[in-house]
Amino acid sequence: MIVFVGDLHACTALYQSHPTMTGDTDYAAAQIGEFCRKYGAKLVLVGDVFNSRFPEARVIRSVFNAFAGVDGAFLQAQHDWQRDVGWMQLQPRFEPLHGRVMEADGIRLYGLDCLSGSELQEALSRVPKDVDIFCGHQLLEEVMGLSGESHMAASELPCRMNILGDYHGSPNEGRTEDGRRWWYTGSMVLCSRSEPPAKSFLVADSSASTGEIDVSRVPLLTRPFVRVDIEWEEELVEFCDVIRGRVLTLHDDAVANGIPERVAVPFVSVKYNAEVKDAHSRMVRAVGDIVEAGRLHVHFLTQSRLAAAVQPSENVVSRKLSVLDAVRLLVDEETSPELLRFVVDLDASQDPRGFIRKLKESRGVKDRVM
Ligand SMILES: [Mn+2]
């Protein structure tokens, strides 16, 4: 059995705006390590194991402890890439998979670190023909939708079975016309508030009788997450009425499911229309004390604040935010075309994707590396 994990993004706190929201990546890694030990599975990390190229020592040690006793292989991606020795290589039971064939349980794997452009094309052409599963960390055109940023099309995938990382593609799967299959592991923790909150990793097993390889998903337990959109007065009233009870129930259910206390504290992301009267102060009054008491992490996002980010205000200049950066921020934070239209002031006939593409071309910006 082989376990495939992408985008653990190990770190202390995933959101700079929520430095006390900790323990998510430690808990995900602990569950993965436990599963691998229980089934004697090999662990293949398909990139972005760490949230940064220079993770804190505590974080590295925590990942190594979680995967103790497990044999594995790893790829490097945009967030954790090191030129010479990847961080996981400091754990003697893990080997780099980049540019190599590896065999486990009769399944032949080959992997590539995250690449782009001609380097990617050349590397893909060198993938041996007799490999069962290709492992990579690439964005497929098929999953990138609005942002229009991708490395390749699914039809360029080199093998019959392909397992990919990158949380932008999370968790997803598909099949090309000629029958090549691909899966995204998805991230192991909520890397962005716009991601689907359910997390899982992939398991490949080859049947002893038929030799067929079966790929399935194993769910992870995660912090309770709620996304709320408040557009109208009535929705705000309802939010203020029910949120406390909901948060406390979510917490208790999480603890009952065995989720450790600090990960059981719910995360609520609220996008609200600032034109609803006193919206922010009313929401703060509704939840302020439970936030204070450490029973809730809440993120409020207004449309007007986002719009301000693209105005040539002093604030923007001081943060050296270009219009492109602001648009990127929006694409990362929110993928609503309506929101993009609103912020960049496009009329209904214009396509936000085309706008971003033109903006990039005019500034000679290469595809995002993040
Ligand atoms: Mn990535």
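So, is the crossing of α1 and α2 left-handed or right-handed? Right-handed, meaning that the near helix is turned clockwise from the far one by less than a right angle.

Quick housekeeping. This is a predicted model, where local features need pLDDT of at least 70 and side-chain atom pairs count only at pLDDT 80 or more, while totals for chains, interfaces and linings use all residues. Residues are numbered from 1 along each chain as its sequence is written.

Back to our pair. Helix α1 covers residues 24-39 and helix α2 residues 57-66; helices here are DSSP runs of H or I with at least four residues, strands are runs of E with at least two, and numbering goes from the N terminus. They pack at about 25°, axes 8 Å apart, with axes fitted to C-alpha atoms over the stretch in contact and angles running from 0 to 180 degrees between N-to-C directions. So α1 and α2 are roughly parallel, the word for angles under 35 degrees.

Who touches whom? On α1, Asp-26, Ala-29, Ala-30 and Gly-33; on α2, Ser-62, Val-63 and Ala-66. Contact here means C-beta atoms, placed from the backbone, within 7 Å.

Most residues other than glycine have a negative phi. Asp-48, though, has a positive one near 55°, and Asp-278 is at about 55° too. Asp-48 sits in the loop between β2 and α2, Asp-278 in the loop between β14 and α7.

Asp-48 is buried, with 28 other C-beta atoms within 10 Å; the cut-off for that is 20 or more. Asp-278 has 10, so that one is exposed, which takes 12 or fewer.

Note on methods:
Parallel < 35°, antiparallel > 145°, perpendicular 65-115°, else oblique. Contact = placed C-beta atoms within 7 Å.
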